[in-house]
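Subject: Structure for you to look at

Hello,

Here is the structure I said I would pass on. My notes follow it.

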Amino acid sequence: MLQIRRLGKSYKVYPSQRARVWELVTGRSRHEEFWALRDVDLQVGQGESLGVIGDNGAGKSTLLKLIAGTLNPTTGSVRLRGRLTAILELGTGFHPEFTGRENLFFAAALMGIDREELAGYYQAIVDFSELEAVIDRPVKTYSTGMVVRLAFSLVTAVRPEILIIDEALAVGDRAFQRKCIARMMDIQGAGTAILFCSHNMHQVVQFCQRVAWLEHGQVKALGEAGEIVDRYVAQDLSAAQDRQRHHPARAPVEERRCIVEAVTSAPPAVSYTHLRAHETADVISYALFCLKKGGGGGGGGGGGGGG
């Protein structure tokens, strides 16, 4: 379904515009080469879901854009079979001045779907997005979550052979996120191969069979979802604890949130006692929910750590 061989993307980085012009005029190199992605080998079969995880700047979005064809690779190749649809950037293909209805037809055309074919999907798309009341308003009046609803409803309604989702579920309410996961499981069961990029490790483990962990533009680990996520969050937890030890007074709320989420997904050997009483209530609730749902071994320490 999808085969990637030694895929790479590099950029020329110049110290200044003057250096760029000098290289153009003289032919002498004045740039450094930055590899956003390098030597990536992946394969995704029919009906398989592959999660893509990693820190910001690891190369996740670059990889997905190369697969979708919105970027040209510097090295390597991408081979795919069948129709590919993707949500790579929020609102891509949507014009803010046009209505939701008009944007559906314009975006579908960019995906290679003609008006007649889309007309057969139109009502199902609107119903799934729950935006019928505002479908004839300009998209510029939509919230971020509403744009995601419309985009997701479109790209999943046409039942592609390959579907790419890049952080689209990070916005929107939880009820619609659950609805999206259910839709993705449905089309995966029908044979669609799915690449799912997210910082939400709970969703990754819940939905993906395998995970590719990217670091500094290369695949650091590839394997079963639970195992790779455990390694990733354990590393995140260790790094966050190191930062807290060196700068305890400056540890931000988001960093503490990362620690809590890491503990909820970490292997049973990682103790739940890293939670602090001053953690915000919503973070602790989220952690307890994950522990209860997963039946993790860290639950035994939950009372002592959170109290």
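E130, R149 and K179 are joined in a network of salt bridges. Please keep in mind that this is a predicted model.

Salt bridges

K179 is partly exposed, because its relative accessible area is 25%. E130 also follows α4 directly and has a positive phi, near 60 degrees.

The whole structure holds 9 salt bridges. One of them is between the side chains of K140 and E97, at 3.2 Å, N to O. K140 sits in the loop between α4 and α5 and E97 in the loop between β5 (84–87) and α3, so the pair ties together parts that are 43 residues apart in sequence. K140 is exposed at 52% relative accessibility, while E97 is partly exposed at 46%.

Another salt bridge joins the side chains of D186 and R159 (3.1 Å, N to O). Here D186 belongs to helix α6 and R159 to the loop between α5 and β6 (162–166), and 27 residues separate them. D186 is partly exposed at 42% relative accessibility, and R159 is partly exposed at 38%.

Helix α4

Helix α4 covers residues 115–129 and bends by about 50 degrees at Y121. Its buried residues are L118, Y122, I125, V126, F128 and S129. Their cover includes α3 (100–110), α5 (144–157) and α6 (174–189). An α-helix has 3.6 residues a turn, so residues three or four places apart point the same way. L118, Y122 and I125 are among the buried residues of α4.

S49 is in strand β3 (residues 49–53) and is buried, with a relative accessible area of 0%. The S49 side chain reaches the backbone oxygen of F207 at 3.0 Å. Q188, in helix α6, is buried as well, at 11% relative accessibility. The side chains of Q188 and S49 make a polar contact of 3.4 Å. Beyond sequence neighbours within four places, S49 is in contact with residues including I194, F207 and Q209; Q188 touches I194, F207 and Q209 too, and also G47 and E48.

Surface patch

Y11, V13 and F34 make up a nonpolar patch on the surface, with about 260 Å² of accessible area together. F34 lies in strand β2 (residues 32–44) and is partly exposed at 44% relative accessibility.

Regards

Conventions:
Residues numbered from 1 in each chain as written. Predicted model: local features only at pLDDT ≥ 70, side-chain atom pairs only at ≥ 80, totals over all residues. Heavy atoms only, no water. Patch = residues over 30% accessible without salt bridge, like charges linked within 9 Å, V, L, I, M, F, W, Y side chains within 5 Å. Areas by Shrake-Rupley, 256 points an atom, 1.4 Å probe, with all protein chains shown as cover. Salt bridge = Lys/Arg side-chain N within 4 Å of Asp/Glu carboxyl O. Helix = DSSP H or I, 4+ residues; strand = E, 2+ residues; numbered from the N terminus. Buried < 20%, exposed > 50% of the residue type's maximum accessible area, 1.4 Å probe, protein only. Bend = angle between axes of the 7 residues up to and from the residue. Contact = heavy atoms within 4.5 Å. Polar contact = N/O pair within 3.5 Å; in protein donor to acceptor, adjacent residues only side chain to side chain.
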